[in-house]
Amino acid sequence: MLAARWLFVLVFAVCSHKLCCGGPLHAQCKVEWYFGIPCRAVYESLVSQIKKWRSMSGCVAGGQRCLYKLQSASVHFISAKHTTPAKGSVDDINFRLVPFLFFSCCHVSAMSVSESWYAVRDHGTNYCNLYNLIEGSGLTESRGYREVTSEFFCTQRSSANCTIY
């Protein structure tokens, strides 16, 4: 009984520390992006890029710029899935687009979450799922581009290598 109590205390301590200090308990990423262009342009760029990378051809030379699947899209919300080519893991991707400054600029809240319930560490894969679409579509070069995220909101963001993941 004493061993069970100590095990409970140990698990509680580790989980409590993770909740307050360590970021997500599940492999995921949340990013906020700001663009000095209308949401319609952001929407069109992202949907076009998702469709462009739907086959395996983008991954022939390595990386994971392939196997994206558009689930649904409107000018305010985009839903997609990304399958990793090596392991076949699936991540759910969502973009919420909100215009500001009289519809001349766009704020994007993006989220990528691993469907695998056991995924905790992902080497920044969920961040790269999102960033690769933003970069591939040319949005990183758009007027007013700004990214806001952190290790707390993105699993292993600081060690992400988006040429691989």
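These exercises work through a predicted model, from its sheet to its core and its salt bridges.

**Exercise 1. Which strands stand at the edges of the sheet, and why is one side of each left without a neighbour?**

Step 1. Write down the strand order. Six strands form an open sheet, ordered E2-E3-E4-E5-E1-E6, with antiparallel pairing.

Step 2. Look at the ends of that order. E2 and strand E6 (146-148) are the edge strands. Each has a single partner strand, so one side of each lacks a neighbour in the sheet.

Step 3. From one strand to the next it averages 20°.

Step 4. E1 and E5 run antiparallel and are joined by eight bridges. Within this pairing, Gln-28 stands opposite Val-113 in E5.

Step 5. Place the helices. H2 packs on the sheet and touches E1, E2, E3, E4 and E5. Its direction makes about 155° with that of E2. H3 lies across E1, E2, E3, E4, E5 and E6, at about 25° to E1.

**Exercise 2. Which residues have the most contacts inside the largest nonpolar core?**

Step 1. Take the core as a whole. It has 30 residues.

Step 2. Trace the suppliers. Elements that each give at least two residues to this core include strand E1 (28-35), helix H2 (39-52) and helix H3 (125-136).

Step 3. Zoom in on Val-42. Leaving out residues up to four places away in sequence, Val-42 touches Phe-35, Ile-37, Leu-97, Cys-106, Val-108 and Leu-139.

**Exercise 3. Is Lys-69 buried or exposed?**

Step 1. Locate Lys-69. It sits in strand E2 (residues 68-74).

Step 2. Apply the cut-off. Exposed means over 50% relative accessible area. Lys-69 has 55%, so it is exposed.

Step 3. List its contacts. Beyond neighbours within four places in sequence, Lys-69 is in contact with Ile-50, Ser-79, Ala-80 and Lys-81.

**Exercise 4. How many salt bridges does the structure hold, and which parts of the chain does the Arg-65 and Glu-135 pair link?**

Step 1. Count. There are four.

Step 2. Take Arg-65 with Glu-135. Their closest N and O atoms are 2.6 Å apart. Arg-65 lies in the loop between H2 and E2, Glu-135 in helix H3, 70 residues apart.

Step 3. Turn to Glu-115 and Lys-81. Their side chains meet at 2.5 Å, N to O. Glu-115 lies in the loop between E5 and H3 and Lys-81 in strand E3, so the pair ties together parts 34 residues apart in sequence.

Step 4. Salt bridges with shared partners join Lys-81, Asp-92 and Glu-115 into one network.

Methods
Residues are numbered from 1 along each chain as its sequence is written. This is a predicted model: local features need pLDDT of at least 70, side-chain atom pairs count only at pLDDT 80 or more; totals for chains, interfaces and linings use all residues. Side-chain values use heavy atoms; hydrogens and water are left out. A nonpolar core is a set of buried Ala, Val, Leu, Ile, Met, Phe, Trp, Tyr and Cys residues joined through side-chain atoms within 4.5 Å. Buried means under 20% relative accessible area, exposed over 50%, partly exposed in between (1.4 Å probe, protein chains only). Helices (H or I, at least four residues) and strands (E, at least two) are DSSP runs, numbered from the N terminus. Contact means heavy atoms within 4.5 Å. Two strands pair if DSSP finds at least two bridges between them. Axes are lines fitted to C-alpha atoms, for helices over the stretch in contact, and angles run from 0 to 180 degrees between N-to-C directions.
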